[in-house]
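Please keep the sequence and the structure in view while reading.

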Amino acid sequence: MCVRSCFQSPRLQWVWRTAFLKHTQRRHQGSHRWTHLGGSTYRAVIFDMGGVLIPSPGRVAAEWEVQNRIPSGTILKALMEGGENGPWMRFMRAEITAEGFLREFGRLCSEMLKTSVPVDSFFSLLTSERVAKQFPVMTEAITQIRAKGLQTAVLSNNFYLPNQKSFLPLDRKQFDVIVESCMEGICKPDPRIYKLCLERLGLQPSESIFLDDLGPNLKEAARLGIHTIKVNDPETAVKELEALLGFTLRVGVPSTRPVKKTMEIPKDSLQKYLKDLLGIQTTGPLELLQFDHGQSNPTYYIRLANRDLVLRKKPPGTLLPSAHAIEREFRIMKALANAGVPVPNVLDLCEDSSVIGTPFYVMEYCPGLIYKDPSLPGLEPSHRRAIYTAMNTVLCKIHSVDLQAVGLEDYGKQGDYIPRQVRTWVKQYRASETSTIPAMERLIEWLPLHLPRQQRTTVVHGDFRLDNLVFHPEEPEVLAVLDWELSTLGDPLADVAYSCLAHYLPSSFPVLRGINDCDLTQLGIPAAEEYFRMYCLQMGLPPTENWNFYMAFSFFRVAAILQGVYKRSLTGQASSTYAEQTGKLTEFVSNLAWDFAVKEGFRVFKEMAFTNPLTRSYHMWARPQSQWCPTGSRSYSSVPEASPAHTSRGGLVISPESLSPPVRELYHRLKHFMEQRVYPAEPELQSHQASAARWSPSPLIEDLKEKAKAEGLWNLFLPLEADPEKKYGAGLTNVEYAHLCELMGTSLYAPEVCNCSAPDTGNMELLVRYGTEVQKARWLIPLLEGKARSCFAMTEPQVASSDATNIEASIREEDSFYVINGHKWWITGILDPRCQLCVFMGKTDPHAPRHRQQSVLLVPMDTPGIKIIRPLTVYGLEDAPGGHGEVRFEHVRVPKENMVLGPGRGFEIAQGRLGPGRIHHCMRLIGFSERALALMKARVKSRVAFGKPLVEQGTVLADIAQSRVEIEQARLLVLRAAHLMDLAGNKAAALDIAMIKMVAPSMASRVIDRAIQAFGAAGLSSDYPLAQFFTWARALRFADGPDEVHRATVAKLELKHRI
């Protein structure tokens, strides 16, 4: 990304100069360690494993406890329980198996917390390839130790895995001797195990150095005469080891490597240029290496005649407009050096491309520390705080530069920085776009509508972060600010927000480590809010109210940068080894940006005035005002090209007449189709459902589907956010579709006729959002065309499936297949002969964190092993031909390529599948209710009882009034939820979605029940749709999530946000 600074390695980064190296060695010789002061020459280095070569169990436990919301310290306390006779130490001595250990360990943890603790998932994390990786700094050190002729050994308290192999995720060839407690039956700090290791090495204690992270283990080793180093941080430990051994354990310059073939530059012409520039007469060779980092402009280390230099150049090939402006980097650093801002000493700018192929500049190699890990491991809390304070102070210094005094008043345009930046980054993103990312599309629309007013214009760095600063090795002082490629004149708050990126990223983020999952108070690191207040106090400014906008914009920029790096990686132009990974990260970062936009959107939503509603026709059978004829079909939606998507974003549209003209015309077209085609067909369709042929699709339905498709009423449900290019759907907003969905809801058959019925809508949206191109071709297209139906298999009879994490069906990997076993029921649509796809949710890893255990597979319905046990009825209704089935999946083998997104993504997919579909049932329930009330009004006008029409009875009038009020209340709540989903996203609308799921089914049940009461016994018959309306309204109080779950959600959100 832009430029990672010049000198970085996986943790604390040293930029070496001879003076610093000597000083460091002297400093470490005086540091505290258990030691035996002997005079022997060292002949071996012995390493502990956990905490020295790989992350310690304690560090892994801390990460796992955060992920699983387990109180901090629980795992370590349980590991230490019982001392030498506890389950952990007995496991280390192989006195109990892995299964026995997990059983005892789980019992200990559960007794501590008085609740079940999933220790299996901790063990899985501890032994996973992702976690159990050898620290690169240790790998490099071992290589250098062996190159000097010394022996190396591992002395580890270790255990056997369930496969009876010891847990040793290391390359055994690195070591002359490996001693493991589980194989010897003794553990550190038992002196016998140290003596055993020394015996196998053939050495005396004084001839070896031992590295461990635990004091008792070191103390016993020192008592035996072994030199020891306590490891708190691998980087620091290696420096101590260097001081003892007397030679460096690093090869060359940290974080450099041979120059990539695609990044090679002509050394002869470069050497001639540098000799002329520096006045060097030597004929010695030029040493040239490439830094691992520097995503945008390739950066090189140069050593020539005892001069250490850094060269930064533009990348080769066709570049995006205004990007990679190294000329500006050179100018800003030269100017700021005169203003007291710490920057590297720049020497020359060469714009002659004939020298090395592209323009470049040269600066001096700047010594000091660069902290890549923002959690600052190995430092004291007070030192960490001082580092962040120094970072804040230097940013204030940059923003206080007198532009005129340093000749930078023309370095950028004055004012409108954020609008220009938004346009620039949108343009850059579009130029490097490789696929559609929904969150980016939403941000591109949202950002220009919420621009802040710029108060001040200063120099802005543009990429100000901790890892772009070089610190003094002893003091919390910034020696140099690097990476000025994106600098200009602009809004200083953009820099402040950008410098807080790490506060919102996880520590596992591969390109830029974060501290979102760290305990900042314990670390001593100021939170983002405190850091911002610190800045405002130093600058004498009041805090801004729209901080969330600046964070949304910052993450949008990062996403655009990552996309550019990814696009260049496809052509071999990107300079970083991480470049090819960035394609997967762009969407993650854009979703973070959208989360901040959602927070800002809440404020905007509260201030927004609703549009004045026009009159709604509440008579369901009113004739349309106009007719609209389709001009042709487009993609898989038969709605003609229009641009209604942005029309309803500005206000809450509560009447169909307030919709944009194209959508209003579509509404009336649908209304006319319902009156002319659907309602008249209902008696025949209902008769078919009661006939012997009910388990076969009605030919009339198929005919109506073709007519709906021809008249432009097809696939209306896919929201713009999921299908921004309108490739598959009509591109309607949630509010726009709400009005149409309500209209379709007035008939039980209309949603299927328009290819807008569940569960197909949710499954199609799942495939659009998450499916591969192959999966889309096989399953999505037939569903969009109406040639196939589908089902979704999640609910299970043995568990409370309202909690998706309870599911027990298993998905087991076997060769190139996944094998499914499970018992499911209430699988809507599975009995339909047109059902070709089952979207199946099961568990792939029961030991993973709770929400990472589930996965989703696409299962062809003709796969052997799918056994339908019986159709289930709802109040006696079979709902043919789709029905609701109870099904067993027995050894069902599915190709691996049918996995959606990947193992462990099932819960995420299930949530995403609900997307805008979360409220489609509620929209249709409003339609149920409207039609029930319309039928009721017609009925009471035509029936006489006790000497007068029913319509004149007081109780009937009260029922009509109550129904109208309840429908209007529920509709407004549904439309508000849809509007908030459009404006701020599904997460932001969680409270409103839960409220309408509480309100709509119960409201519909009451309204329909009143209508049935007015009809008398006829209301219970199949002559009218009321009985079926009532059945499905009641069923949706389960199918769309239990009322109790929605009430709990509303209460929790109410308590969280409104106290």
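Helices are DSSP runs of H or I with at least four residues, strands are runs of E with at least two, and both are numbered from the N terminus. On that basis the protein has 33 helices and 26 strands. The model is predicted. Of its 1059 residues, 59% count as buried. Among contacts between residues at least 6 apart in sequence, 74% join residues at least 24 apart.

**Aromatic pairs**

- Searching the whole structure gives 27 aromatic pairs.
- Trp88 and Phe101 form a tilted pair, with 5.6 Å from centre to centre and 55° between the planes.
- This pair links distant parts of the chain: Trp88 belongs to helix H4 (residues 87–92) and Phe101 to helix H5 (residues 98–113), 13 residues apart.
- Trp88 counts as buried because its relative accessibility is 13%, under the cut-off of 20%.
- Phe101 also counts as buried, at 1% relative accessibility.
- Phe101 and Phe105 have ring centres 5.0 Å apart and planes at 15°, so this pair is stacked; the cut-off for stacking is under 30 degrees.
- Phe105, like Phe101, is buried.

**Aromatic cluster**

- One aromatic cluster is formed by Trp64, Trp88, Phe91, Phe101, Phe105, Phe122, Phe123, Phe159 and Phe167.
- The cluster therefore includes both residues of the tilted pair, Trp88 and Phe101, and both of the stacked pair, Phe101 and Phe105.

**Charges over rings**

- Lys148 lies over the face of Phe247, 5.3 Å from the ring centre.
- Lys824 lies over the face of Phe840, 4.9 Å from the ring centre.

**Packing of H29 and H32**

- Two packed helices are described by the angle between their axes and the distance between the axes.
- The axes of helix H29 (residues 920–942) and helix H32 (residues 1026–1039) come within 11 Å and cross at roughly 150°.
- H29 is therefore roughly antiparallel to H32, since angles over 145 degrees count as such.
- The crossing of H29 past H32 is left-handed.
- On the H29 side, the contact is made by His921, Leu925, Phe928, Arg931, Ala932 and Leu935.
- On the H32 side, it is made by Leu1026, Phe1029, Trp1032, Ala1033 and Leu1036.

Methods. Residues numbered from 1 in each chain as written. Predicted model: local features only at pLDDT ≥ 70, side-chain atom pairs only at ≥ 80, totals over all residues. Heavy atoms only, no water. Phe/Tyr/Trp six-rings, centres within 6.5 Å; stacked < 30°, edge-to-face > 60°. Buried < 20%, exposed > 50% of the residue type's maximum accessible area, 1.4 Å probe, protein only. Lys NZ or Arg CZ within 6 Å of the ring centre and 35° of its normal. Axes fitted to C-alpha atoms, helices over the stretch in contact; angles between N-to-C directions. Parallel < 35°, antiparallel > 145°, perpendicular 65-115°, else oblique. Left-handed = near helix turned anticlockwise from the far one by under 90°. Contact = heavy atoms within 4.5 Å.
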